[in-house]
Amino acid sequence: MKILFLNGPNLNLLGTREPGIYGQQTLADIEAAVRRRAEGRSIGVDFRQSNHEGDLVTWIQQARGTADAIVLNAAAYTHTSVALRDAISASGVPTIEVHLSNIHAREEFRHRSRIAAVCRGQVAGFGLGSYLLGLEAAVIVIESS
Ligand code: DQA
């Protein structure tokens, strides 16, 4: 099975970006932990980041027929992007929404996710663990389809 991990804006700064909220780990550390968890389980992991909404839209479109599931941390675009929501919907690829922080316990503007309704579910608040749980959720969704 193939799982596409997509990361949105500013997640390239993890490690130095507000470590009290997002933790000390870099995105490379998170990718390594995801790859370790997937090892020996016939799971192909493709892990990408972009600061550009259009890149994320294109990658979600391309996932149709090439990935079995998407694990998406859309970062700030979570709260704003109708384009991402439409791309997820159009691609038909089961998508798991993940966040390092618990968006529901933060500022009010972070409580609403524009993509949640078209995702299979959401994992938020477990730091790097959100990605590992996202991986397991993707496997469950793929295996039960
Ligand atoms: C985030 C939460 C978003 O509100 C924020 O804009 C991010 C990161 C998280 O992983 O906790 O950039 O998606």
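A residue counts as buried when its relative accessible area is under 20%. I start with that cut-off because several of the residues I will mention are sorted by it. Also, please keep in mind that this is a predicted model.

Let me begin with helix 4, which covers residues 82-91. Which residues of helix 4 are buried? They are L84, A87, I88 and S91. Looking down the axis of helix 4, these buried residues fall within an arc of 100°, so they line one face of the helix. What do the buried residues of helix 4 pack against? Their partners are helix 3, residues 53-63, together with strand 3 and strand 4.

Now the two ends of helix 4. At its start, a side-chain oxygen of S81 comes to within 3.4 Å of the backbone nitrogen of A83. After the helix comes G92, and its phi is positive, near 70°.

Next, the nonpolar cores. The largest one has 28 residues. Those with the most contacts inside it are I3, F5, I30, V34, F47 and Y131. Several elements supply at least two residues each: strand 1 (2-7), helix 2 (27-38), strand 2 (44-49), strand 3 (69-73), strand 4 (95-99) and helix 5. Helix 5 gives the largest share of this core, eight residues. There is also a second, separate core of 18 residues, and L56, A63, I70 and L72 are among them.

Setting aside neighbours within four places in sequence, V34 is in contact with F5, V45, F47, Y131, L132 and L135.

That brings me to helix 2 and helix 5 as a pair. In general, two packed helices are described by the angle between their axes and the distance between the axes. For helix 2 and helix 5, the axes come within 10 Å and cross at roughly 35°. The crossing is right-handed. Which residues meet there? From helix 2 they are L27, D29, I30, A33, V34, R37 and A38, and from helix 5 they are L128, Y131, L132, L135 and E136.

Not counting residues up to four places away in sequence, A33 touches L128 and L132. The C-alpha atoms of A33 and L132 are separated by 7.7 Å, although the two residues are 99 residues apart along the chain.

Staying in helix 5, residues 128-143, we find S130. Is S130 buried or exposed? Its relative accessibility is 0%, so S130 counts as buried. Leaving out residues up to four places away in sequence, S130 touches V98, H99, L100, V123, A124 and G125.

Now to the loop between strand 4 and strand 5, where strand 5 is residues 121-124. S101 sits in this loop, and at 7% relative accessibility S101 counts as buried. Beyond its neighbours within four places in sequence, S101 is in contact with I21, Y22, R106, A124 and G125.

H111 is in the loop between strand 4 and strand 5 as well. At 33% relative accessibility, H111 counts as partly exposed. Setting aside residues up to four places away in sequence, H111 touches I103, H104, A105 and R106. A polar atom of the H111 side chain lies 3.4 Å from the backbone oxygen of E107. H111 and T78 are 33 residues apart along the chain, and their C-alpha atoms are separated by 9.9 Å.

Last, a point about the backbone. Most residues other than glycine have a negative phi. What is phi for N10? It is near 75°, a positive value in a residue other than glycine. N10 lies in the loop between strand 1 and helix 1, residues 19-22, and N10 is partly exposed, with a relative accessible area of 33%. A75 also has a positive phi, near 50°, and is a residue other than glycine. A75 lies in the loop between strand 3 and helix 4. With a relative accessible area of 10%, A75 is buried.

That is where I will stop.

How values were computed. Residues are numbered from 1 along each chain as its sequence is written. This is a predicted model: local features need pLDDT of at least 70, side-chain atom pairs count only at pLDDT 80 or more; totals for chains, interfaces and linings use all residues. Side-chain values use heavy atoms; hydrogens and water are left out. Helices (H or I, at least four residues) and strands (E, at least two) are DSSP runs, numbered from the N terminus. Buried means under 20% relative accessible area, exposed over 50%, partly exposed in between (1.4 Å probe, protein chains only). Contact means heavy atoms within 4.5 Å. A nonpolar core is a set of buried Ala, Val, Leu, Ile, Met, Phe, Trp, Tyr and Cys residues joined through side-chain atoms within 4.5 Å. The arc is that of the directions from the helix axis to the C-beta atoms. A polar contact is a pair of N or O atoms within 3.5 Å; within protein, one must be able to donate a hydrogen and the other to accept it, and residues adjacent in sequence count only if both atoms are side-chain atoms. Axes are lines fitted to C-alpha atoms, for helices over the stretch in contact, and angles run from 0 to 180 degrees between N-to-C directions. A crossing is left-handed if the near helix is turned anticlockwise from the far one by less than a right angle, and right-handed if clockwise.
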